[in-house]
Amino acid sequence: MTGIMKGKRGLIMGVANNHSIAWGISKALAGQGAELCFTYQGEALGKRVKPLAAELGSDFLLPCDVEDIASVDAVIDAIKERWGKLDFIVHAIGFSDKNELKGLYADTSRENFTRTMVISCFSFTEIARRAADLMSEGGTMLTLTYGGSVRVMPNYNVMGVAKAALEASVRYLASDYGPRGIRVNAISAGPIRTLAGAGISDARAMLSWQQKNSPLRRTVTIDDVGNSALYLLSDLSGGVTGEIHYVDSGYNITSMPALETLSR
Ligand SMILES: NC(=O)c1ccc[n+]([C@@H]2O[C@H](COP(=O)([O-])OP(=O)(O)OC[C@H]3O[C@@H](n4cnc5c(N)ncnc54)[C@H](O)[C@@H]3O)[C@@H](O)[C@H]2O)c1
Ligand SMILES: Cc1c(CN(C)C(=O)CCc2cnc3c(c2)CCC(=O)N3)oc2ccccc12
């Protein structure tokens, strides 16, 4: 197997099923020769991830719930044991109480705010710190964010605040780990119909808005994100760190809806 990721070993966190963004990223990486370790959240998802991992030649699966830091430590220990090193990590994890992903952001509860920040933001810092210890020859780290961090997306609410913090943490981690040859970036993906992306109100309306109003006049796919992730996780982006890279059909550069849609 040849490819730009030949000989590279990485950790993929966040595959729930074959619609997951992390699955699109995994296919792109394995297609270029990467060797992958997958974590899954709970045995139910584990049953779905196992055959997917096998499709990419991986039998290296580990349970991990980022609310339980012991499970994160166990993942790092297992990788140290089996591989001894790590070249990259993909963090594609986000969660909030869906009852607070509608209505006013101002009504966010303290309990859900802190839980959302731990799962959707701080978990990346905790995993980055542990993974860095295994990146003795340098490495790359990638997380997933959304435009609702810098502009108001109705109902995205506390997830937007968590993503803003996640994007800032990408810059601070890039600064911390740059001297050790470790790069840290994020992809800001447009809306995609995944488990997390579908579990919200008006998902259909949002996707059709993107199709009508983004410069490319289409929504992005997990393969669009996977291909851009391949660039950010490989040596092709050797000079890039602390960046938020938009893979959103260009939607973030627009202000007005596409005029042709206004006339209709
Ligand atoms: N789908 C979109 O529209 C979209 C757009 C931009 C960014 N994102 C981000 O992409 C990432 C991946 O989401 P997705 O859209 O692929 O949906 P998904 O539901 O397929 O993936 C989300 C993953 O997060 C995992 N997760 C949630 N809580 C966890 C916990 N406590 N411990 C461990 N894992 C946990 C789930 O098990 C799941 O595998 C998320 O960070 C999401 O915020 C999604
Ligand atoms: C786009 C978009 C998304 C997709 N996206 C970018 C995301 O980051 C997913 C956020 C998310 C976090 N937690 C949960 C859910 C989604 C639904 C299921 C659940 O129980 N919890 O979520 C939205 C929520 C409101 C408005 C738009 C969006």
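This is a predicted model: local features need pLDDT of at least 70, side-chain atom pairs count only at pLDDT 80 or more; totals for chains, interfaces and linings use all residues.

Colleague: What makes Q41 a polar contact of ligand 1?

Modeller: An oxygen atom of ligand 1 is 2.8 Å from an N or O atom in the Q41 side chain. A polar contact is a pair of N or O atoms within 3.5 Å, so this pair counts. The side chain of D65 has an N or O atom 3.0 Å from a nitrogen atom of ligand 1, so that pair counts under the 3.5 Å limit too.

Colleague: Which backbone atom lies 2.9 Å from an oxygen atom of ligand 1?

Modeller: A polar backbone atom of I192. On its own, ligand 1 has 810 Å² of accessible area, and the protein covers 92% of that. Two elements, β5 (139-145) and α6 (195-198), each give two or more residues to the shell around ligand 1. The largest share, three residues, is from α6.

Colleague: How many residues surround ligand 1, and why do they count as near?

Modeller: There are 27, and S20, I21, Q41, K163 and T194 are the closest. A residue is near if one of its heavy atoms lies within 4 Å of the ligand, which is why these count. By type, the shell has 17 nonpolar, eight polar and two charged residues.

Colleague: What lines the second largest pocket?

Modeller: Its lining has 18 residues, with G147, R151, M153, Y251 and N252 nearest the centre. Eight of the lining residues are nonpolar, eight polar and two charged. The space in this pocket is about 270 Å³.

Terms used. Residues are numbered from 1 along each chain as its sequence is written. Chains are lettered from A and ligands numbered from 1 in the order in which they are written. Side-chain values use heavy atoms; hydrogens and water are left out. On a 1 Å grid over the protein atoms alone, a cavity is a set of points where a 1.4 Å probe fits but cannot get out, and a pocket is an open set with protein on both sides within 12 Å along at least five of seven lines; lining residues have an atom within 4 Å of a point. Grid points are joined across faces, edges and corners, and a volume is the space filled by probe spheres set on the points. Ala, Val, Leu, Ile, Met, Phe, Trp, Tyr, Cys and Pro count as nonpolar, Asp, Glu, Lys and Arg as charged, and the others, Gly among them, as polar. A polar contact is a pair of N or O atoms within 3.5 Å; within protein, one must be able to donate a hydrogen and the other to accept it, and residues adjacent in sequence count only if both atoms are side-chain atoms. Accessible areas come from the Shrake-Rupley method with a 1.4 Å probe; for residues, only the protein chains shown count as cover. Helices (H or I, at least four residues) and strands (E, at least two) are DSSP runs, numbered from the N terminus.
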